[in-house]
Amino acid sequence: MKKIIRVEDLCCKRCAVRTANKLELLDGVFSAKGDYRKNVLLVSVGASVTDEMLRDAVEKEGFVVLSVEERKGLFY
């Protein structure tokens, strides 16, 4: 399943990469990629990963999560 995590003020490329790397450390997260220009993190997860787990991991990195949504198309 693919998810989009919308974040408030993902300030730079380094922050986006660091946060994506932290998400990839969670069990059940297959891949993660950050786009700081659009303030989103794109993740591919297994069924065992909840939206709350993703939200908590991003908030531990110091960012405010606006929403966690299912990714429906090729683009966000």
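Asp51 is partly exposed in this predicted model, with a relative accessible area of 29%. Its side chain meets that of Lys3 in a salt bridge, at 2.7 Å from N to O. Asp51 belongs to helix α2 and Lys3 to strand β1, so the pair ties together parts that are 48 residues apart in sequence. Lys3, at 9% relative accessibility, counts as buried.

**Other salt bridges**

- The count of salt bridges comes to 4.
- One of them joins Glu61 and Arg18, whose closest N and O atoms are 3.1 Å apart.
- Because Glu61 lies in the loop between α2 and β4 and Arg18 in helix α1, this pair ties together parts that are 43 residues apart in sequence.
- Arg18 counts as partly exposed, at 33% relative accessibility.
- Glu52 forms a salt bridge with Arg55, with 3.8 Å between the closest N and O atoms.
- Both Glu52 and Arg55 lie in helix α2, 3 residues apart, which is about one turn of the helix.
- Glu52 is partly exposed at 47% relative accessibility, and Arg55 is partly exposed with a relative accessible area of 22%.

**Nonpolar core**

- The largest nonpolar core has 19 residues, and those with the most contacts inside it are Ile5, Val7, Leu23, Leu41, Val43, Leu54 and Val58.
- Two or more residues of this core come from each of β1 (2-8), α1 (13-24), β2 (29-35), β3 (40-45), α2 (51-60) and β4 (64-70).
- Helix α1 gives the largest share, 4 residues.
- Leaving aside residues up to four places away in sequence, Val43 touches Met1, Lys2, Lys3, Ile5, Leu23, Ser31, Ala32 and Leu54.

Technical notes
Residues are numbered from 1 along each chain as its sequence is written. This is a predicted model: local features need pLDDT of at least 70, side-chain atom pairs count only at pLDDT 80 or more; totals for chains, interfaces and linings use all residues. Side-chain values use heavy atoms; hydrogens and water are left out. A nonpolar core is a set of buried Ala, Val, Leu, Ile, Met, Phe, Trp, Tyr and Cys residues joined through side-chain atoms within 4.5 Å. Buried means under 20% relative accessible area, exposed over 50%, partly exposed in between (1.4 Å probe, protein chains only). Contact means heavy atoms within 4.5 Å.
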